[in-house]
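Please open the structure in your viewer and keep the selection tool at hand.

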Amino acid sequence: MKKYVYPSKIDGTIQATASKSFMQRVIAGALLADGESLIANPTFCEDSISALSVAEGLGASIMRNSDVVIIKGGVNLRSDMLNCGESGLCIRMFTPIAALTGKRVVLTGRGSLTKRPVSRIEDGLLSLGVSVKSNGGLLPIEISSMLKGGYAEIDGSLSSQFLTGLLMALPAAEKDSVIKVKNLTSRKYIDMTIEVLKDFAVDIENREYEEFIIKGGQSYKPAKIEIEGDWSGAAFILCAGAIAGNVTIRGLNMSSSQGDREIITALKQCGANVNIGKDFVEVSKENLNGFEFNADDCPDLIPPLAVLAIHCKGESVINGADRLKDKESNRGDAIKSEFEKLGGVVRIDNNRMIIKGSDIAGGEVNSHGDHRIAMACAIASLNGFGRVAIEDAECVNKSYNNFFNNLLKLGVKVE
């Protein structure tokens, strides 16, 4: 599906979409809890739907309504083939959980997920004594013995998601565990995981993000949890306000463990007008100047930061480009190629993305099947000089299925 986005003034108020990162973790916690858990303010983006499907395959009974999801937990394998869709978190989190069954389980996916490496999942579980094999470091990945706990050393330099999976699964394992982690990035996502574990009455000892002590045999307790607003999706809309008008987003947690709330830091740094209330953020257009930002711990912010940078006077530097290779696309290359089609000037120098403020023209771009590239191209067009056609725009449904509807609500011309 192709979407056409026109230069537009943006103005109005929307409610933040619910966080898929929290939603998926809560689904996993509810699966592991013996009893009924209630999830309020759910999101039914594609990644959340994949997590619900996998949880059902592992034994959960799920009732879905538009405003609430009720999950009766209990790991009791119903299907030995689990499809994680295109969700990286889903495959990395549910593979260790699937190993709690002690049975043969094959986890697979589709689209870009089939090209993303799973060798670190394989190596980590092997070190914990689990029989596991992948397809040469790619999906599918097959589990054929039980996760009982133990000791493992893992590399967290590319992603924290497999560590999240271990932290979710090992409390329910038979033995105590110790996980040593080298070069952990995205620490805020681990804070999010530990926060969700506490909601389900599970304790983890975090020793400076370098060692995690996990007592085995813990019992997940059912919980009632409201999913908070998503800072990752909100970042695009807030940047739209900074470059093309005025926008208010309600339903964002100002003390959230989501690392992407650091978008506020970048917006203030480049000179945008930012007004923060108890449960809302308002951003309005101002003369913007180049900035430097370290996105090592929040790499999902790089696409909206790139949009912001291209509308700033002078040059901006975004650190963290090394974290972009194994996403839904090679996200650094995708930002460079698609923004250059619109007149942008983007250079990648090792871990740095350097962007020169530029006038944005109309043109045709490709999302590369990547939800964050599609959203970045849509927002980039707002303060430009011509219509931008986005190929494969429906990929936004992966994380933010009402993205284009929200743009329409805020006055953007979208066809």
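## Aromatic pairs

The structure holds three aromatic pairs; rings of Phe, Tyr and Trp (its six-membered ring) pair if their centres lie within 6.5 Å, and planes under 30 degrees apart count as stacked, over 60 as edge-to-face and the rest as tilted. This is a predicted model, in which local features need pLDDT of at least 70 and side-chain atom pairs count only at pLDDT 80 or more, while totals for chains, interfaces and linings use all residues. Residues are numbered from 1 along each chain as its sequence is written, and side-chain values use heavy atoms, with hydrogens and water left out.

Select Phe200 and Tyr220 to begin. Their rings form a tilted pair, 6.2 Å centre to centre with 50 degrees between the planes. Phe200 lies in the loop between helix H6 (187–199) and strand E12 (205–207), and Tyr220 in the loop between strand E13 (211–214) and strand E14 (224–226), so the pair ties together parts that are 20 residues apart in sequence. Helices (H or I, at least four residues) and strands (E, at least two) are DSSP runs, numbered from the N terminus. Phe200 counts as buried at 1% relative accessibility, and Tyr220 counts as buried at 4%. Here buried means under 20% relative accessible area, exposed over 50%, and partly exposed in between (1.4 Å probe, protein chains only).

Next, select Phe403 and Phe404. This aromatic pair is edge-to-face, with 5.0 Å from centre to centre and 70 degrees between the planes. Phe403 is buried, at a relative accessible area of 0%, and Phe404 is buried at 6%.

## Charges over rings

Keep Phe404 in view and select Lys3. The charged end of Lys3 sits over the ring of Phe404, 5.4 Å from its centre; a charge sits over a ring if NZ of Lys or CZ of Arg is within 6 Å of the ring centre and within 35 degrees of the ring normal. Then select Lys413 and Tyr6, where the charged end of Lys413 sits over the ring of Tyr6, 4.3 Å from its centre.

## Helix H10

Select residues 331–341, which make up helix H10. Which residues of this helix are buried? They are Arg331, Gly332, Ala334, Ile335, Glu338 and Phe339. Seen down the axis of H10, the buried residues fall within an arc of 160 degrees, so they line one face of the helix; the arc is that of the directions from the helix axis to the C-beta atoms. Their cover includes helix H9 (302–310), strand E20 (345–349) and helix H11 (371–380). Beyond the helix, select Gly343, which follows H10 and has a positive phi, near 100 degrees.

## Backbone stops

Select Leu139 and Pro140, which are joined by a cis peptide bond with omega of about 0 degrees. Pro140 lies in strand E9 (residues 138–143).

Continue to Tyr209, in the loop between E12 and E13. Its phi is near 60 degrees, a positive value in a residue other than glycine. Is Tyr209 buried or exposed? Tyr209 is buried, with a relative accessible area of 19%.

Finally, select Asn350, in the loop between E20 and E21. The phi of Asn350 is also positive, near 55 degrees, whereas its relative accessible area of 66% makes Asn350 exposed.

How values were computed. Contact = heavy atoms within 4.5 Å.
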